[in-house]
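Here is a friendly walk through one structure, a stop at a time. Have the sequence and the 3D view open as you read.

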There are 4 protein chains.
Amino acid sequence: MSGGSPAAEQPGIAVVGAGYWGPNLVRNLMGSPDWDLRWLVDLDTERARKVAAPYASVQVTSALDEALADPRVKAVAIATPARTHRDVAMAALRAGRHVLVEKPLAATEAEGAELVAEAAKRGLILMCDHTYCYTPAALAIRELIHSGELGEVHFVDSVRINLGLIQPDVDVLWDLAPHDLSILDFILPDTVKPVAVAATGADPLGAGRTCVAYLTLALSSGAIAHGHVNWLSPTKVRTITVGGSKRTLVWDDVNPAQRVSVFDRGVDLARPEELGADQRRAALVSYRTGDMVAPALNEREALAAAVEEFARAVRTGTPAATDGRAGLRVLRILEAASRSLAENGALVAVNDDALEGE
Amino acid sequence: MSGGSPAAEQPGIAVVGAGYWGPNLVRNLMGSPDWDLRWLVDLDTERARKVAAPYASVQVTSALDEALADPRVKAVAIATPARTHRDVAMAALRAGRHVLVEKPLAATEAEGAELVAEAAKRGLILMCDHTYCYTPAALAIRELIHSGELGEVHFVDSVRINLGLIQPDVDVLWDLAPHDLSILDFILPDTVKPVAVAATGADPLGAGRTCVAYLTLALSSGAIAHGHVNWLSPTKVRTITVGGSKRTLVWDDVNPAQRVSVFDRGVDLARPEELGADQRRAALVSYRTGDMVAPALNEREALAAAVEEFARAVRTGTPAATDGRAGLRVLRILEAASRSLAENGALVAVNDDALEGE
Amino acid sequence: MSGGSPAAEQPGIAVVGAGYWGPNLVRNLMGSPDWDLRWLVDLDTERARKVAAPYASVQVTSALDEALADPRVKAVAIATPARTHRDVAMAALRAGRHVLVEKPLAATEAEGAELVAEAAKRGLILMCDHTYCYTPAALAIRELIHSGELGEVHFVDSVRINLGLIQPDVDVLWDLAPHDLSILDFILPDTVKPVAVAATGADPLGAGRTCVAYLTLALSSGAIAHGHVNWLSPTKVRTITVGGSKRTLVWDDVNPAQRVSVFDRGVDLARPEELGADQRRAALVSYRTGDMVAPALNEREALAAAVEEFARAVRTGTPAATDGRAGLRVLRILEAASRSLAENGALVAVNDDALEGE
Amino acid sequence: MSGGSPAAEQPGIAVVGAGYWGPNLVRNLMGSPDWDLRWLVDLDTERARKVAAPYASVQVTSALDEALADPRVKAVAIATPARTHRDVAMAALRAGRHVLVEKPLAATEAEGAELVAEAAKRGLILMCDHTYCYTPAALAIRELIHSGELGEVHFVDSVRINLGLIQPDVDVLWDLAPHDLSILDFILPDTVKPVAVAATGADPLGAGRTCVAYLTLALSSGAIAHGHVNWLSPTKVRTITVGGSKRTLVWDDVNPAQRVSVFDRGVDLARPEELGADQRRAALVSYRTGDMVAPALNEREALAAAVEEFARAVRTGTPAATDGRAGLRVLRILEAASRSLAENGALVAVNDDALEGE
């Protein structure tokens, strides 16, 4: 709550990284009634100072330790390059601070597991900023699935293609698929888990890394999920279709006028036991063609919802909706997908047991 | 040629099958200046009679032999169920007639190979009616690729999804992928061939057959082709994207106002030899964002172009653009894809050598 | 013929005109369980014979009188050029037959009034084939308005533009606006009537007739309706928006996947009497942003529904939903619009009283 | 500041108004190499201080006079409410400063004329910030028309509808049509001028002001322009179609992937003199259906181009593309449209002569 309540009651927070994503964190934390943004940390203090200029209360430093020495800082939000996530987050955790990390959680599954273990050991909140999960669309879709309105999930198909920047250090899979995988992790019921992944791809340009990739996930329920990520497409497509036994929805993220469409349209299959012996096979299949509803979505910025969720997790001591484990699950699938890619699309198991044991 | 020239100069033709597709063949052959449609053959002569009613010159029979006994019949167009293609086509070939067969060429690769061999032995034209290849869009795309305007093909991505009829005898792969595979075969340069295929899929409904499938084709050039076929999608998507080194095109078949869009948009990679030693890696990649052109397409019915191509092949004794071998190549990939599906997406080689030796 | 009733119980009907629209009438009447199509009349009997060929029971003649001499013919469906509607329809009415006329009802309001009067005098059904009114979309929209779900109609905006054939005998207003005006007449509640029309337009090409036109209708309720008709647009747009006090709908007829969208979105105005004295003006306006629903529409051909409605009217002796009076109301507005066009857009009254007195 | 030139060489500028539009001006002037932003003036200095916070060099004041007392200030950019434009701009002009005014130029035509006269008398630049004219789309369209690529303009149709805020002080015409009218003024050749306007509209909600309006402009060339502005539409449409004798273009501003489409599609009319005496009328009309080209547009912010144009005008002493006279022409049409609206759509002349005499 802003206004009447004294700022002292809000937990203090430091942002590390004033590059691409950091300014968004700064703006949303300043706009939040839940946080008292006290520090912006960046080796390039000039850059940090510009970002912090409109906010008199934010101090700038190049030394994380200086921010961690402030006893009112209870949490750290990290927006540095992925390869540094492990070290920065570990320093914050070891200093007893809750941590929000920009996606991906870490550069490797092993590093991510270290962070999850450290946070668990210390009873601290570790949240991964899977920002897309906090869009009004993803929140609505999660609700539609978890409430049972879609029925059982039959298939998920995600297309995320665009003329994209060919990254110097990662392939298209590690650049774009984290979005799809974190959304999938977020919207699926807890009982439905990826059990194996097969990935194919190509580097037709000779860019030195995969620029077009497809990945198929076998889900524990027998359902299938598939993603298409592509840096070479002249058109921008960001569509996720979730087929359910009761309804099917399409999230078209480049259509702001109608992002989510829920179709009461599908194929129904009568179960044999429900049929008399003499009924013909054709009778087993029927088709529904009902209305389509595009639910009204509020227009809140995703990152505002994410920092609110981080505050809720810290306040209540319960895991964030996209906690460190969620970040780790995404890394696990990415590593399995990379192995599959190297093995010409062979199916690679995604063993979730170790993770659950942590 | 219609009008002045006597019908006697046009080769006679018989259509076999008056069910779903036969009436379209009848209508297009009657509208063609290249053919003299003389017979419509169907076991259900009542049905055949209705189809032939507007055309006084077309005789109806339930016996293929009766049509084959007519010496003016030089060719047979077959629109019967796939499982009968081999027998009907073989009878026509053995009677010395040229043959046009509705897709797929036959129910299995082995049966298709028999037909190809028989036609080759007898010096007869065997054409597969891959109708989509004769749409103005596919013809324009083939020309754009073959003329070099697109440059080298880097990737082909095809999506063909809809709330489709769950077929009683085939899965979604055999129902829909023949369209994508025949188009791919048609538009790619002769030097680019599929060498292996990996397919994944699911039957989340428990319908007894795969209802959602994905297949990746490794092409001999290092490029990649991918198809998504799906009977369970609430929305109808029929989009083929062809990424080239010079341009990239999108064929959106459900947008009649702009089916084909050619984008002068893409990623360019400077070759190392073109760069000085001290140029940085980043310099290797550049992006083009040029105009988009949607070429005017004529509005001809695809089947009209197909029967014209059949006439041309018969007249000149040269293979049709979608000849029996093309039909066989499609069957070969379908069988390999089915094997991959059974083996959890393992890459299955598509050996083209045997085919070429025929 | 449906069910057990013998064909003899169905009223006989004759179609006059085998040109553009006649074959559609023939096909739908043959497919209808309500009618016994007995005659196809056309001066060009060759053309008529081709159209009737598939239907053994349909007799062909060049003489309307021959069909009218058949006592089993109870009704006549007219699909001849508009300038002949008056004479053909009058002959049928005078011979005691019910009449269905292709739109427009007649070439002029005066001729249309003659037909309405003659039918009324003789107690015969006169129906105008405003086909668009029988599309599933128009039927659904009428129901949404008449049931009160949209609330009061605030505005109707119709755009019907395309690269159209420049007609030799009529301008774009008389060519295209009859569709919009008949739909408007069909969907509006009976209590809401056009009271005046203002039309503007241009012939920028020098084609000798208006090729682009706009017309505004003042409605008796204070609402407004507007139409844009255009032969020169490179894109095809057929969109009708109906704004209501409770909901607003958009009918996009070139989007088969989502023709009708109903938005729970709009502006609400609190009434002064509902407000305390000190409430500020700003409080008067509020905005709704609710869900959008695209209702499932069946896929029936409009003309099938129209011939069914004609049968219903004949059987029950009650006016068709698009009766002669509806056709006359459309002509009345067209003539007023033409006058306005000639007077530079001056508002021209549409006096409905005389009509009602008929 | 760009390149090596010292800031001192850039003309100083003051922004008046830190409300909705002012911060955009501040940001673009700070990002411009052409200007030295020295002052931000607003009665609410608290608000102004927040806007100026990131820019150490910008001074804040509540007194316009203080900024005008700064000899390095050569120009003033005004983003205050329309009713204050006349007084603020007049003060700046009388102080010898060039002026950029947010649209509309003034609250009335008379006030606008005063400003135009004052600037002319003093030899100062008066520019109206018709921002839409500086979008890449409008600039490209102007070039297509002025270069002759579209041929003669036959019609312009503009639709600007949305669920809009019902303004407390102006109707929908004065709120939205300035955009359409300024774009029209900008893109049309100088030889084509509006000569008369007819406007119709309604206030179906009882909001106390017109919420839906249509206006037709007769152009001096015989062409027609039409605008539809609407606060009550559930969908957002911003489409301008310009029909030309050679090509026709559509600017769809809510489709960022393809804002401008140029169609080589249209109707051609052979001139009588080009035809032999016995050629039939039908021969006069022919149809083109050529390619469509969507030109690549750069992605520059319109306001950045506007402040650059202001700098160019100041530097060279030549009128801006959207100078005070352009702003005045827009006001003149708006006032004529309001008169027409009050007179039920009667055509009202737009006399341009007086304006030209100024």
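## Starting at a threonine in chain D

Let's begin with D:T135, which touches D:W251 and D:A302, leaving aside residues up to four places away in sequence. Before going on, keep in mind that this is a predicted model. D:T135 sits in the loop between strand 6 and helix 6 (136-146) of chain D.

Is D:T135 buried or exposed? It counts as buried, because its relative accessibility is 15% and the cut-off for buried is under 20%. For a sense of scale, take D:A63: it is 72 residues from D:T135 in sequence, and the C-alpha atoms of the two are 33 Å apart in space.

Now step back to strand 6 of chain D, which covers residues 126-129. In a regular strand, side chains alternate between the two faces of the sheet.

Strand 6 of chain D pairs with strand 5 (residues 98-102) of chain D in the parallel sense, over four bridges. Within this pairing, D:E102 stands opposite D:D129 of strand 6. To get from strand 5 to strand 6, chain D passes through helix 5 (residues 109-122), and this β-α-β crossover is right-handed.

Most residues other than glycine have a negative phi, and most peptide bonds are trans. Which peptide bond in chain D is cis? The one from D:K103 to D:P104 is, with omega near -5°. You'll find D:P104 in the loop between strand 5 and helix 5 of chain D, and that helix is the one the chain passes through on its way to strand 6.

Chain C has a cis bond to look at too: the peptide bond joining C:K103 and C:P104 has an omega of about -5°. C:P104 is placed in the loop between strand 5 (98-102) and helix 5 (109-122) of chain C.

Look for B:N344 in the loop between helix 9 (324-342) and strand 15 (348-349) of chain B. With a relative accessible area of 48%, B:N344 is partly exposed.

C:N344 lies in the loop between helix 9 (324-342) and strand 15 (348-349) of chain C. The relative accessible area of C:N344 is 49%, so this residue counts as partly exposed.

## A buried serine in chain C

Staying in chain C, have a look at helix 7 (residues 172-187), where C:S182 is found. Its relative accessible area is 3%, so C:S182 counts as buried. Which residues does C:S182 touch? Not counting residues up to four places away in sequence, they are C:H130, C:C133 and C:V330.

## Where chain C meets chain D

Time to see how the chains meet. The contact between chain C and chain D takes 46 residues from chain C and 46 residues from chain D. About 3800 Å² is buried between them, with carbon and sulfur atoms giving 69% of that area. How many salt bridges cross the interface of chain C and chain D? The count is zero, while nine residue pairs are in polar contact.

On the chain C side, the elements giving two or more residues include strand 7 (153-163), strand 11 (232-244) and strand 14 (285-294).

## Where chain B meets chain A

Chain B and chain A each put 46 residues into their contact. The two bury about 3800 Å² between them, 69% of it on carbon and sulfur atoms. On the chain B side, B:L163, B:L205 and B:P234 supply 16% of the area buried against chain A, more than any other three residues.

Across the interface of chain B and chain A there are zero salt bridges, and nine residue pairs are in polar contact. Elements of chain B that each supply at least two residues to this side include strand 8 (194-202), strand 10 (224-230) and strand 13 (260-269).

Technical notes
Residues are numbered from 1 along each chain as its sequence is written. Chains are lettered from A and ligands numbered from 1 in the order in which they are written. This is a predicted model: local features need pLDDT of at least 70, side-chain atom pairs count only at pLDDT 80 or more; totals for chains, interfaces and linings use all residues. Side-chain values use heavy atoms; hydrogens and water are left out. Buried means under 20% relative accessible area, exposed over 50%, partly exposed in between (1.4 Å probe, protein chains only). Two strands pair if DSSP finds at least two bridges between them. A crossover is right-handed if, with the strands pointing away from the viewer, the path from the first strand over the helix to the second runs clockwise. Contact means heavy atoms within 4.5 Å. Buried area is the accessible area (1.4 Å probe) that two parts lose on being put together, summed over both. A salt bridge is a side-chain nitrogen of Lys or Arg within 4 Å of a carboxyl oxygen of Asp or Glu. A polar contact is a pair of N or O atoms within 3.5 Å; within protein, one must be able to donate a hydrogen and the other to accept it, and residues adjacent in sequence count only if both atoms are side-chain atoms.
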